Amino acid sequence: MALMTHRKSAPARPGRAPLARTQTRYRRVYVWQPAIRIFHWVAAACVTVLFVTGFMITHPMVNAGTGGALSMGAIREVHFAAGYVFAVALVWRVFWFIRGNSFARSGFPCFWRGSWWRALIGQVREYLTYEFGAPPLGHNALAGLSYVAALFGLGAFQVVSGLALLGQSRPGGALDVLFGWTVPLLGGSFRTHMWHDLAAWGLCVFVIAHVYIVLLDAHQYRNGLIGAMFSGNKFQRLDDEEVEDRDDR
Ligand code: HEM
């Protein structure tokens, strides 16, 4: 932990008492372990590659428009490879949910706890009223809910439905045996494709909202939110104290 200060001059007040300046004190706290940071950027890369290649598979004319720079076979291989990496990353994140520090579990939707609901409602109210309080050091309740819904709702669904669709190209093969049973549950092959496509757009909406909210929070809370996903460190505001202005600036 390290303490830092940031000084701001108060606005000039003509004909009024001497100027004061505020001194805000921050505490640096190590929040995200390397495992969480690596997971974040691997997941971000996978979701991006999966969306782009998936879009090209569904709309082959996009590739044709580039002069067929890549063969459709290569695009499919990249899509499948990113899918496998994403699946491993999800398992890795579950492991670190258990094994990691308390921040690795922060914001997890504990529906059975009143405190989680209060934190969720409080966070929604902050966004609606634009009055921001002190942010939690880990994920807030709304962020935690969105990550679980996106990754372990939509993301896990994409992995299972994707492997089921892949299994269809080798009936009786390992993937078909392990995941093929989900195809009739989803309404047959055509509908499984459709749900897989729809969930991809759901993830796309999540990413746009996520990046927007991360930028907004980083600006409102000024707690080093984005840098923390690289360095692991966040800044916690301790207090605001007014100090006498001196002429030695
Ligand atoms: C495809 C793109 C992305 C995906 C799928 C994604 C996904 C996620 C997930 C799942 C988490 C939770 C991490 C965990 O606890 O394991 C997270 C947190 C976070 N992401 Fe992203 N992310 C993406 C892009 C970005 C980008 C571009 C930025 C930077 C501008 C960013 C900044 C952050 C930050 C700062 C947090 C922590 C926020 C908090 O404290 O709640 N993400 N992201």
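A residue is counted as buried if 20 or more other C-beta atoms lie within 10 Å of its own, as exposed if 12 or fewer do, and as partly exposed in between, with C-beta atoms placed from the backbone. The structure is a predicted model, in which local features need pLDDT of at least 70 and side-chain atom pairs count only at pLDDT 80 or more, while totals for chains, interfaces and linings use all residues. Residues are numbered from 1 along each chain as its sequence is written.

The protein contains nine helices and three strands; these elements are DSSP runs numbered from the N terminus, with helices (H or I) of at least four residues and strands (E) of at least two. Their order from the N terminus is β-β-α-α-α-α-α-α-α-α-α-β. Of the 249 residues in the protein, 18% are buried. Two residues are said to be in contact if their C-beta atoms, placed from the backbone, lie within 7 Å. Among contacts with a separation of 6 or more, 64% join residues 24 or more positions apart.

Helix 1 (34–58) has 25 residues and reaches 35 Å from its first C-alpha to its last, close to the 36 Å expected at 1.5 Å a residue. The expected span is 1.5 Å times one less than the number of residues in the helix. Its buried residues are Phe39, Ala43, Cys46, Val47, Leu50, Thr53, Gly54 and Met56. These pack against helix 2 (60–65), helix 3 and helix 8 (189–221).

A nonpolar core is a set of buried Ala, Val, Leu, Ile, Met, Phe, Trp, Tyr and Cys residues joined through C-beta atoms within 7 Å. The largest such core has 13 residues, and those with the most contacts inside it are Ala43, Cys46, Val47, Leu50, Phe86, Ala89 and Ala150. Helix 1, helix 3 (72–99) and helix 5 (141–167) each supply at least two residues of this core, and helix 1 gives the most, with five residues. Beyond its neighbours within four places in sequence, Ala43 is in contact with Phe86 and Ala89. Apart from this core lies another, of five residues, among them Val31, Trp32, Ala104 and Ala228.

Ala228 is found in helix 9 and counts as buried because 20 C-beta neighbours lie inside 10 Å. When neighbours within four places in sequence are left aside, Ala228 is in contact with Val31, Trp32, Asn233 and Lys234. The C-alpha atoms of Ala228 and Arg37 are 8.6 Å apart, although the two are 191 residues apart in sequence.

Ala164 lies in helix 5 and is buried because 23 other C-beta atoms are within 10 Å. Not counting residues up to four places away in sequence, Ala164 touches Phe179, Gly180, Thr182, Val183 and Thr192. Ala164 and Thr192 are 28 residues apart along the chain, and their C-alpha atoms are separated by 8.7 Å.

The ligand is surrounded by 19 residues, of which the closest are Ala44, Val47, His139, Ala143 and Tyr147; a residue is near the ligand if its C-beta atom, placed from the backbone, lies within 6 Å of it. Helix 1, helix 5, helix 8 and helix 9 (225–231) each supply at least two residues of this shell, and the largest share, seven residues, comes from helix 1.
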